[in-house]
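Hi everyone, thanks for coming. Let's bring up the structure and look at it together.

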Amino acid sequence: MTPPPHRLPLRWRSLLLFLLVASAPFCLAGDAGLYPQLPCEAPIYDSFAFCDTSLPIAARARALVSLLTLPEKIQQLSNTAAAVPRLGLPAFEWWSESLHGIASNGPGVAFNGSVRAATEFPQVILSAAAFNRTLWGAMARAIAVEARAMYNVGQAGLTYWAPNINIFRDPRWGRGQETPGEDPLLAAEFAVEYVKGLQGEYDTGDADGSSLMLSACCKHYTAYDLDRWGNYTRYIFNAQVNEQDMEDTYQPPFESCVKEGHASCLMCAYNQVNGVPACARADLLNKARKEWGFEGYVTSDCDAVAIIYADQKYTSSPEDSIADVLKAGMDINCGTYLARHTESAIRSGKVQEEDIDRALVNLFSVQLRLGIFDGKSAKKRYGHLGPDNLCTKEHRDLALEAVRQGIVLLKNAKDFLPLRKHEVNSVAIIGPGASDTTVYGGDYTGVPCNSTSILEGIRSYIPRATFATGCIDVPCQTMDQFDEALAIAKDAEIVVVVAGLNLTEETEDFDRVSLLLPGKQMELIRSIANISKKPLILVLTGGGPIDLSFAKEDPLVSSILWLGYPGEVGGQALAEVLFGDVNPGGRLPVMWYPESFTAIPMTDMNMRADPSRDYPGRTYRFYTGNQVYDFGHGLSYSKYSYKFLSVPEKITVSQSSAEDHIKSKPPHIVATKVVSICEDMKFHVKISVFNNGHMEGSHTVLLFYRPRTSIRGAPHKQLIGFERARIKPNEAAEVDILVDPCKHFSFADEHGQRILPLGTHVLMLEDLEREFVIEPEEFSVQNKKIEDKVDDKKQFEKSHEEL
């Protein structure tokens, strides 16, 4: 007997949804001459009020909803929204993916027509390592152009369920590769740039006054970072999150995504949050709308409504599940559950038609902002884009630059790198990932335009480079291929070993068990290191942290580079770094833990350490254990030095506006909800960065903060700003970072309230530190009186000496 859809594995559920879509009247024909069907087409369907572009978006959406029958309304609550022929409405597919390029996941995209490929940018975790906002925005804009071009020929949709901005909380998480890393500020900044780039320059966040190129969706809301570990799956996992961690770790990326990025979609997660399914958490969904100003639609993850009853046993019927999510504020279900059960939920009185109307207004408002209800003008807007706008040289160069900036040099003993092309006679390249470009994409990929392997990249410098797989595949369960690898390594002057991870080790619905290299990769590396003429170069693919302690300390391993999942141009970028045409400047966006960390249950959501139960905490902000490589680690072929040019010595908090919010006993703290004082406290930090090397470099400046004294609940250190600067050898560049103390120096107390410690604070640029003070006006006045008395005394003594 075939199990119901929610019991099927994810890949089968996706296939079932695709087959449902294939039978629907939606244009995915892949015919370059067939523009997608649009509403409000003259002369028959353009007289409806929802076609009147002079009306506000909300009014048009309500007008459309008022014309629908109840059965028609219900059929709009699926990701594959049904057509309404009598109103001229074609079917609409909400589910398309664009994490790091147009992806084939989901039914909204098809590479089966005049477009057969799209630019494959590096996976998000590698792009995040560039710490470059401009780069992130440029990639998102390029993806948007390719998506609109595919839409114009009926091969893609307009609503994309990306980015994934969950915190990479545990190094074993299979989907950590899809995220910007473990730091809330970094994830938030990436979210803002990605959403703004994908949705277009015309979006202002005002639902009645803005238009969208595409719709971006920030996911997975919230506290989602476990897929399948031990006996736990994302479908049943109850994430127990305290108010403190929710406020200063899990929520900040989503808040920024909405407030600053103006995302038009949020996706609620599979998991429960403190005992309630995420899609039924009315408090969290209301927070997004009422406190953050969210204007858009909320979708469930695929089948996330079905599992509330079937797997989580949270409700007693499908109808109860539907009532819970609709009344909580969810608008659409990825899957068919609402389409199948909403009518009975209404008949039973558990759902009212008004609940559906509210959801449909949100959904149609986004479609209206996308311009598809604008009649003939809808075909003109972005209508010039087509197949020639995909796989362009411009986009490939952008993907290449992203990899160049993201590659992280983890080790470079005795400045072994860069290699000098004219001094290298022979190179041996070992590892299945050196020639297999399918390794380079990672999760959520499409069809790349023209992939360059690592082998091809190195051979563009050293044509006679030899190659052996060493392992049959990345999991490397046998030593059958070792002999050939050892033979070519023994004869070569330079040996490059490509090791690490691929999707057999980490992916959606599959978390890692170990942080060590898979299978017998470690044995291969050690065997080759022992017989090679010179210390070998180790290149690592994959998204998650790896315990490389053995190679980090081994003098027979000269250099280690992390390549992540580099996309279609990874091989070229790596070769440029190896041979010195590019000076590496990437920084790790996640700390690399030792294997011993796997003794910590992945289900423990607490960020802060708890010595009473030997819990070491998580991420660089709170972890107290040993580490392999720290967050932000990354070497260069140049040496850089820093100098603080401008930092205030003291910041004063207005006593009149903050007196009710300042704790009277040490440590003195002020609640950051006092908005008026926060605006007055912002300041700029000006930094000089000098390149002491002989190569030009694109250098990443990371500015951290810590309180000078230990404060309960405060992070060890916290990233508060970053900039990327290109600096010529023996020259300096000036970097300006805006600091908002209420945002950057604050953390949450045990009740989830943001607090700002007063007193002495420390800014950190690697080993360079600078202190400054934040104090209430009362203290400042007292100190001023003391200073005045001292000055008066000195003046008196000076006058006395003169007499």
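Predicted model: local features only at pLDDT ≥ 70, side-chain atom pairs only at ≥ 80, totals over all residues.

Let's begin with helix α5, residues 133–152, and helix α6, residues 184–199: they pack at an angle of about 35°, and their axes are 7 Å apart. The crossing of α5 and α6 is right-handed. On the α5 side the contact includes R133, W136 and A140, and on the α6 side it includes F190, E193 and Y194. Sorted by class, this contact has 8 nonpolar, 2 polar and 4 charged residues.

Some of those names come back in an aromatic cluster, which is formed by F131, W136, F190, Y194, Y620, F631, F704 and F722. R133 is worth a look here too, as its charged end sits over the ring of F722, 4.0 Å from the centre. Elsewhere, the charged end of K552 sits over the ring of Y629, at 4.8 Å from the ring centre.

Y235 is in the loop between β6 and β7, Y270 is in the loop between β8 and β9, and they are 35 residues apart. Both tyrosines, Y235 and Y270, are buried.

My other example is F683 and F772: their planes lie at 70°, with the centres 5.5 Å apart, so this pair is edge-to-face. It links strand β21, which holds F683, to strand β28, which holds F772, across 89 residues. F683 is buried at 8% relative accessible area, and F772 is buried at 1%.

How values were computed:
Residues numbered from 1 in each chain as written. Heavy atoms only, no water. Axes fitted to C-alpha atoms, helices over the stretch in contact; angles between N-to-C directions. Helix = DSSP H or I, 4+ residues; strand = E, 2+ residues; numbered from the N terminus. Left-handed = near helix turned anticlockwise from the far one by under 90°. Contact = heavy atoms within 4.5 Å. Nonpolar A, V, L, I, M, F, W, Y, C, P; charged D, E, K, R; others polar. Buried < 20%, exposed > 50% of the residue type's maximum accessible area, 1.4 Å probe, protein only. Phe/Tyr/Trp six-rings, centres within 6.5 Å; stacked < 30°, edge-to-face > 60°. Lys NZ or Arg CZ within 6 Å of the ring centre and 35° of its normal.
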